[in-house]
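Here are my notes on the model you sent. Please read them with the structure open.

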Amino acid sequence: MPMDDKKTHAIKKILIVDDHPIFRHGLSQLINQVQDMEVCGEAEDLHGGIRAVEKLGPDMAIIDITLKKTSGIELIKEIHLRHKRLPMLVISMHEESLYAERSLRAGAKGYIMKQETPENIITAIRHILDGGFYASPEITDAFFARVIDGTTGILNSPVQTLTDRELEIFQMIGHGIKIGIIADRLHLSVKTIGTHRENIKEKLHIKDASELMRYAINWLEHNPEA
């Protein structure tokens, strides 16, 4: 779409926060072809995302779950705390059943997998810009089933009982990252990380740190998109 044609329409500004430059480039090209949308900026981590929101004032933010040094869930929480009216869509390769509801609870308005068609991604973006929510039929059905049943749902794995922060630490442990480095990346004390680790062990019924690491490594091997 030529820029002169775009100027005749109300353009929605979209911010992309993703740690993969190639994906940001491809998504930017897709969005910029749409008549009433344009990418106003990009970021690759939590702090860059927050700065971009403050500086650029986007109409919407698209965020991945995996960012440099931390989780996109934390960025969603921060943006929602500071800019409650800014709609956010998660576009990620990570397992929808594990992250979609976490993203919505954190403040996002929708969740879609990266392998969806370009048409579906644009549909999700437009739906959220129009004030709606977006999720796959599977996630929507599961949500309504829990509401109707009055339950918290059936958990496929004890890992799903972990909080967002515990899940982030659990995955870092599975990647072999030392506790001190985890603390540094998350800007938390080693003592706090240790407390989270103990909570993880209790929820997963694990006795010691070595068993926890084996469990985390094995879980990541069987959930490569988590």
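1. Where is the place of His-196? His-196 sits in helix α10, which covers residues 190-204. Bear in mind throughout that this is a predicted model.

2. Is His-196 buried or exposed? His-196 is buried: its relative accessible area is 18%, and the cut-off for buried is under 20%. Set aside the neighbours within four places in sequence, and His-196 is in contact with Arg-165, Glu-166 and Ile-169.

3. Now the overall picture. The protein has 226 residues, and 45% of them count as buried. Its secondary structure amounts to 11 helices and 5 strands. Take the contacts between residues at least 6 apart in sequence: 65% of these join residues at least 24 apart.

4. Next, a helix pair. Two packed helices are described by the angle between their axes and the distance between the axes. Helix α5 (residues 96-106) packs with helix α8 (residues 164-174) at an angle of about 135°. Their axes are 11 Å apart. The two helices are therefore oblique to each other. The crossing of α5 past α8 is left-handed.

5. Which residues of α5 and α8 make the contact? From α5 come Leu-98, Tyr-99, Arg-102 and Arg-105. From α8 come Asp-164, Leu-167 and Gln-171. By class, the residues of this contact are 3 nonpolar, 1 polar and 3 charged.

6. Two backbone angles deserve a look. Most residues other than glycine have a negative phi. His-187 has a positive phi, near 55°, and is not a glycine. His-187 is placed in the loop between α9 (179-186) and α10. His-187 counts as exposed because its relative accessibility is 61%, and exposed means over 50%.

7. The other backbone angle belongs to His-205. Phi of His-205 is positive too, at about 60°, in a residue that is not a glycine. Where does His-205 lie? His-205 is in the loop between α10 and α11 (209-222). With a relative accessibility of 68%, His-205 counts as exposed.

8. To set the histidines side by side: His-196 is within α10 and buried. His-187 is in the loop between α9 and α10 and exposed. His-205 is in the loop between α10 and α11 and exposed.

Definitions and conventions:
Residues are numbered from 1 along each chain as its sequence is written. This is a predicted model: local features need pLDDT of at least 70, side-chain atom pairs count only at pLDDT 80 or more; totals for chains, interfaces and linings use all residues. Side-chain values use heavy atoms; hydrogens and water are left out. Helices (H or I, at least four residues) and strands (E, at least two) are DSSP runs, numbered from the N terminus. Buried means under 20% relative accessible area, exposed over 50%, partly exposed in between (1.4 Å probe, protein chains only). Contact means heavy atoms within 4.5 Å. Axes are lines fitted to C-alpha atoms, for helices over the stretch in contact, and angles run from 0 to 180 degrees between N-to-C directions. Angles under 35 degrees count as roughly parallel, over 145 as roughly antiparallel, 65 to 115 as roughly perpendicular and the rest as oblique. A crossing is left-handed if the near helix is turned anticlockwise from the far one by less than a right angle, and right-handed if clockwise. Ala, Val, Leu, Ile, Met, Phe, Trp, Tyr, Cys and Pro count as nonpolar, Asp, Glu, Lys and Arg as charged, and the others, Gly among them, as polar.
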